[in-house]
Amino acid sequence: TRTPVNVTVTGAAGQIGYALLFRIASGQLLGADVPVRLKLLEIPQAVKAAEGTAMELEDAAFPLLTGIDIYDDPNAAFDGANVALLVGARPRTKGMERGDLLEANGGIFKPQGQAINAHAADDVKVLVVGNPANTNALIAQRNAPDVPAERFTAMTRLDHNRALAQLAKKAGVSVADIKKMTIWGNHSATQYPDIFHAEIAGKNAFETVNDRAWVENDFIPTVAKRGAAIIEARGASSAASAASAAIDHVYTWVNGTPEGDWTSMAVPSDGSYGVPEGLISSFPVTCKDGRWEIVQGLEIDDFSRARIDASVKELADERDAVRKLGLI
Ligand code: NAX
């Protein structure tokens with residue numbers, strides 16, 4: 001029998017946590033033959049609610065779930081973590097400036113980065129979901145100098161999946177027919193969903209839909225503003241779809257991208273495509289043997305260049321702001 005994989009989830013009592021934990025425990029995060037031990041981190045006021053979720057997890061009698069522990073101390077929660085899903089974050093509230101938001105989240109992601117550095121397993125893989133995800137991941141990564149930087153990633157897979165769904169609808173195909181979708185940049189309204197390299201049933205997606213106005217005026221804004229549209233419709237932000245994307249992100253990272261396809265992950269830049277080194281920006285990536293690699297050699301036209309640059313500039317501004325605050 002295999003040793004259980006320790007999966008730490010922060011914000012476990014939140015709405016994404018509620019959707020995510022059951023999918024992890026059922027084996028969808030790592031594989032149907034991989035036992036998992038859950039380590040849940042919450043703030044003290046939400047520990048009781050996390051205990052309620054843990055009771056339900058127990059009641060689901062998942063054969064792969066070997067244990068659940070609940071903590072309010074990051075040092076204990078990340079002890080021995082092989083996979084760390086950083087979901088809990090400080091949301092933007094009314095009247096909050098961007099600087100306040102970055103500072104409040106620095107208060108969460110700096111100590112969590114330090115705890116990962118000190119206590120996580122040698123093979124730890126980190127996915128940051130909590131917003132602003134890219135910059136929260138940067139803060140955690142910079143505060144974990146002993147962990148290889150490439151183990152810190154942020155989630156743009158929900159944006160990627162949203163882009164697949166919109167393109168499939170437009171082209172009248174199944175999402176399974178689409179390959180090589182890309183989200184570039186920040187998980188924010190400046191993100192750039194790129195179909196110029198995507199393929200539908202093996203043919204170039206942009207040429208197949210042949211509708212530039214749709215790409216510019218419909219597809220890109222619909223994907224970028226989908227989070228706001230969900231809040232408008234549901235009265236609450238995306239939760240099950242966000243949990244599903246987190247499952248996809250880690251599953252792909254661990255188990256690999258299919259031959260002839262790639263995915264989108266926000267990862268520390270090596271300078272590829274003119275993205276300043278170190279920024280945690282979304283790229284097209286392939287995964288193999290538990291490692292990701294940025295897809296190289298794609299041609300970027302002026303239209304795409306301007307959009308990538310705008311999103312990357314926002315990331316650089318956020319990095320400068322958290323540097324000023326002494327968080328990195
Ligand atoms: P909720 O407010 O339902 O849950 C957040 C939970 O985090 C709460 O239970 C809270 O007590 C906990 N928490 C706060 N500070 C913590 C800390 N220091 N340690 C541990 N737990 C802590 O939010 P939810 O809807 O679950 O969303 C969680 C985060 O995901 C938010 O930041 C949200 O903006 C972000 N999202 C990111 C997405 C992405 O694509 N990257 C999409 C979905 C989502 O909007």
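## Pockets and a cavity in a predicted model

The second largest pocket is lined by 16 residues, and those nearest its centre are Arg157, His160, Leu164, Ile178 and Asp261. Two elements, helix 6 and strand 7 (178-179), each give two or more residues to that lining. Helix 6 has the largest share, four residues. By class, the lining of this second largest pocket holds seven nonpolar, five polar and four charged residues. Its volume is about 240 Å³. The model is predicted.

### The largest pocket

The largest pocket holds about 1,500 Å³ of space. Its lining counts 49 residues. Nearest the centre of the largest pocket lie Ala89, Pro91, Val129, Gly130 and Asn131.

Which helix gives the most to this lining? Helix 4 does, with seven residues. Helix 4 spans residues 98-119. Other helices take part too: helix 1 (15-25), helix 5, helix 6 (157-171), helix 8 (212-224) and helix 9 (226-234) each supply at least two residues. Both domains contribute to the largest pocket. Domain 1 (5-154) and domain 2 (157-317) each give at least three residues to its lining. By class, that lining divides into 23 nonpolar, 17 polar and nine charged residues.

### Annotated residues

An unreviewed UniProt entry places a "binding site" feature at a set of residues, among them Gly11, Ala12, Ala13, Gly14 and Asn105. Which of the annotated residues belong to the lining of the largest pocket? They are Gly11, Gly14, Gln15, Ile16, Gln112, Val129, Gly130 and Asn131. Val129, Gly130 and Asn131 are also among the residues nearest the centre of that pocket. Glycine 14 sits in the loop between strand 1 (5-10) and helix 1.

UniProt, again in an unreviewed entry, places "domain: Lactate/malate dehydrogenase C-terminal" at residues 156-321. In the model, this span is 47% helix and 19% strand. Its end C-alpha atoms lie 22 Å apart.

A search of the whole structure finds one cavity of 30 Å³ or more. About 40 Å³ of space lies in the largest cavity. Its lining consists of Asn134, Thr135, Leu138, Leu279, Ile280, Leu315 and Arg319. Four of these residues are nonpolar, two are polar and one is charged.

Helix 5 (133-142) and helix 11 (302-324) each supply at least two residues of the cavity lining. Helix 5 has the largest share, three residues.

| Space | Volume | Largest share of the lining |
|---|---|---|
| Largest pocket | about 1,500 Å³ | helix 4, seven residues |
| Second largest pocket | about 240 Å³ | helix 6, four residues |
| Largest cavity | about 40 Å³ | helix 5, three residues |

### A strand pair

Strand 2 (residues 36-41) and strand 3 (residues 65-71) run parallel, joined by six bridges. The chain passes from strand 2 through helix 2 (residues 47-59) to strand 3. This β-α-β crossover is right-handed. Which residue in strand 3 stands opposite leucine 41? It is tyrosine 71.

Note on methods: Residues numbered from 1 in each chain as written. Predicted model: local features only at pLDDT ≥ 70, side-chain atom pairs only at ≥ 80, totals over all residues. Heavy atoms only, no water. 1 Å grid on protein atoms, 1.4 Å probe; cavity = no way out; pocket = protein on both sides within 12 Å on 5 of 7 lines; lining within 4 Å. Points joined across faces, edges and corners; volume = space filled by probe spheres on them. Nonpolar A, V, L, I, M, F, W, Y, C, P; charged D, E, K, R; others polar. Pairing = 2+ DSSP bridges. Right-handed = clockwise from strand over helix to strand, strands pointing away. UniProt positions renumbered as here; feature names shortened; annotations may be inferred. Domains from an automatic or database assignment.
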